[in-house]
Amino acid sequence: MGGFEDDEPPSKRARASSVESASLSVTSCYSKSANPLGGAMARPLTSQGKEVMIGSKGIIKRDEFVRVITKALYTLGYEKSGAVLEEESGITLHSQSVNLFRKQVLDGNWDNAVVTLNTLGLDESTVKSAAFLLLEQKFFELLRNDNLMGAIKTLRSEISPLGVNRKRVHEMSSCIISSSRVLVFSKLGIECSNSRFKLLEELQKVLPPTVMVPERRLENLVEQALTVQREACYLHNSIDGLSLYIDHHCGKDQIPSRALQILCAHSDEVWFLQFSNNGKYLASASNDKSAIIWKVDESGELLPKHVLTGHEKPVMMVAWSPDDCQLLTCGMEEAIRRWDVESGKCIHVYEKSSLGPMSCGWFPDGKQILCGLTDQSLCLWDLDGKQADCWKGQRISKTSDFAVSKDGKLIITINSDCTILLLNRDTKQERLIEEDCTITSFSLSEDGDFLLVNLITEKIHLWNIRNDPIRVKQYTGHKRSRFVIRSCFGGSEQTFIASGSEDSKVYIWHRASGDVIETLSGHSGAVNCVSWNPTNPHMLASASDDHTIRIWGLKKASTKHRDHGSSSNGTHVNGSANGNGFLQQCNGSRSK
């Protein structure tokens, strides 16, 4: 193998309300709030003779519980059920004053809505914030109806005296003098459709929940409860969503620990493998100078799609394009080849005079590729082979792993035996991860915030690289003495760490705790590389010196041994799942 030298409204109905009062002036509303003890207040209504607290621990307020359920029924469109619950429980969702206020908002009766707002027993700051939202809506509707004088009057005599959100007031002033109000509306985030319903949603964020129950409050509470259960689940690796019927708990039966398939198409050591981004394919690279594309069928079984030949030296690694339509294969110090995944045709061969590639990868836009060369440089090439950029490093290590952040701004590469360089392409800022011993490989997390670093001393370090690099966890137990052993993140939300090992086993750790939770036996040679399916947390693949690939899954499934027409020399000759697979010779265009 490869050696290493040591528009839904808050409520769907406007409820019937009492006759609106028009006797109070709008301007008098800002000076003083109505007496909280006078009139119909927006406070929870308790049912006489009933328990105030409910639940086994007696910590849930019954009135709040009923109102939240009522709100959920109305939000879901169950109007009759919501009304029945209000009537039967004697607990109304909103007070008469709030129902009147909501109706006035939906009717665009802005002046009386401001008057009613002042009868809800709110503090002055809340009244002003809510009044600002109401009058802002009034202002924009007047402009939309070409009532310029009315809009100016509202802005000057009603909105400005509130003394709220001066920046927004200036933005509203610009709408008056703008020649294109549609453009300004769009820039300010003003929507025409269902704008009054959206206003009610904004008002709910300002008003206390005792006045207007927050939208989707029951859903939020349930989601919070499920999130707590999921975070408390030590071995969480479930494909199915969490159920409301039972408390959530995952056992070890959710960790892939049984070899469901043994793939034997390679005739020599398998050095590298990687699932595609969509999880529908697996690509493997071998010392037999070939790479194989495997297709994951609907049942989860892997079937050979193409064997890719043409390299004159062992294939060190493979790399999937961002859209999974193309694949790069890297021949050891020889050439990089780009393949079409569907047809298996070689599209292009990348070579550089007197220099050989040691690694390959894709730039996030899928329009350029990266290559680590034997002169310790890292080059960026266009797909036609034209060099776009090159970084000359001080690397002396025979491995030249690298990674690129999803936005393409951060390039991560091994800088020396014990150092990893984090280079920001825009700012040219360099940060370093410095280890005490030789680095053999590394892997970047899906979110780009963490780096998994394999060391020559049989340790794996987890680094947080969001800001200044900080080592946060260490994983031990696997064996490594001579070869490059690769590890990976995996499982649901990348909760686990998996690694190969020279003792022919696969090790799985809990990422947060560092505990070994599974040791998978079955290979008869060093396990060089592992890859966890990014879309199926129950599928893990391992590549070994024993010439095989093992597909690990849940224990309840049955084992399948797949030879797939491999002969003594490892040449794959029969078909893919749909019978059109064939041996592919590389005859693509070349660039040097």
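Which residues does L327 touch, not counting residues up to four places away in sequence? The points below take up that question and then other parts of this predicted model.

1. L327 and the largest core. L327 touches A283, I293, L308, V318, A319, W320, R337, R338, W339, V341 and W362, with residues up to four places away in sequence not counted. L327 also belongs to the largest nonpolar core, which has 47 residues. L327 is among the residues with the most contacts inside that core, together with L282, W294, L302, I549 and I551. In soluble globular proteins, nonpolar side chains tend to be buried together.

2. Helices α4 and α5. Two packed helices are described by the angle between their axes and the distance between the axes. For helix α4 (residues 110–117) and helix α5 (residues 124–144), the axes come within 10 Å and cross at roughly 175 degrees. Angles over 145 degrees count as roughly antiparallel, and α4 and α5 are therefore roughly antiparallel to each other.

3. Helices α5 and α7. Here the packing angle is about 10 degrees, and the axes of α5 and α7 are 11 Å apart. The two helices are therefore roughly parallel to each other.

4. Helix α6. In helix α6 (residues 148–159), the buried residues are G150, A151, I152, T154, L155, E158 and I159. The buried residues of α6 pack against α4, α5 and α7 (166–177). The charged residue E158 should be noted in this list, since E158 is given as buried and Glu counts as charged.

5. The sheet β16 to β19. Four strands form an open sheet in the order β16-β17-β18-β19, and their pairing is antiparallel. β16 (402–404) and β19 (430–434) are at the edges with a single partner strand each, so one side of each has no neighbour in the sheet. Direction ignored, neighbouring strands of this sheet are turned by 20 degrees against each other on average. Within the sheet, strand β17 (residues 410–416) and strand β18 (residues 419–424) run antiparallel and are joined by six bridges. I411 has L423 in β18 as its bridge partner.

6. D417. The loop between β17 and β18 contains D417. With a relative accessible area of 26%, D417 is partly exposed. D417 and D436 lie 19 residues apart in sequence, and their C-alpha atoms are 9.6 Å apart in space.

7. The sheet β20 to β23. A further open sheet of four strands has the order β20-β21-β22-β23, with antiparallel pairing. Its edge strands are β20 (439–444) and β23 (470–476), each of which pairs on one side only. From one strand to the next, the twist averages 25 degrees. Strand β22 (residues 459–464) pairs with β23 in the antiparallel sense over six bridges. W463 stands opposite R471 in β23.

8. S445. Leaving aside neighbours within four places in sequence, S445 is in contact with F450, F489 and Q494.

9. R258. Strand β3 (residues 258–263) includes R258. R258 counts as partly exposed, at 32% relative accessibility. R258 and K555 are 297 residues apart along the chain, while their C-alpha atoms are separated by 5.1 Å.

Key:
Residues are numbered from 1 along each chain as its sequence is written. This is a predicted model: local features need pLDDT of at least 70, side-chain atom pairs count only at pLDDT 80 or more; totals for chains, interfaces and linings use all residues. Side-chain values use heavy atoms; hydrogens and water are left out. Buried means under 20% relative accessible area, exposed over 50%, partly exposed in between (1.4 Å probe, protein chains only). Two strands pair if DSSP finds at least two bridges between them. Axes are lines fitted to C-alpha atoms, for helices over the stretch in contact, and angles run from 0 to 180 degrees between N-to-C directions. Angles under 35 degrees count as roughly parallel, over 145 as roughly antiparallel, 65 to 115 as roughly perpendicular and the rest as oblique. A nonpolar core is a set of buried Ala, Val, Leu, Ile, Met, Phe, Trp, Tyr and Cys residues joined through side-chain atoms within 4.5 Å. Contact means heavy atoms within 4.5 Å.
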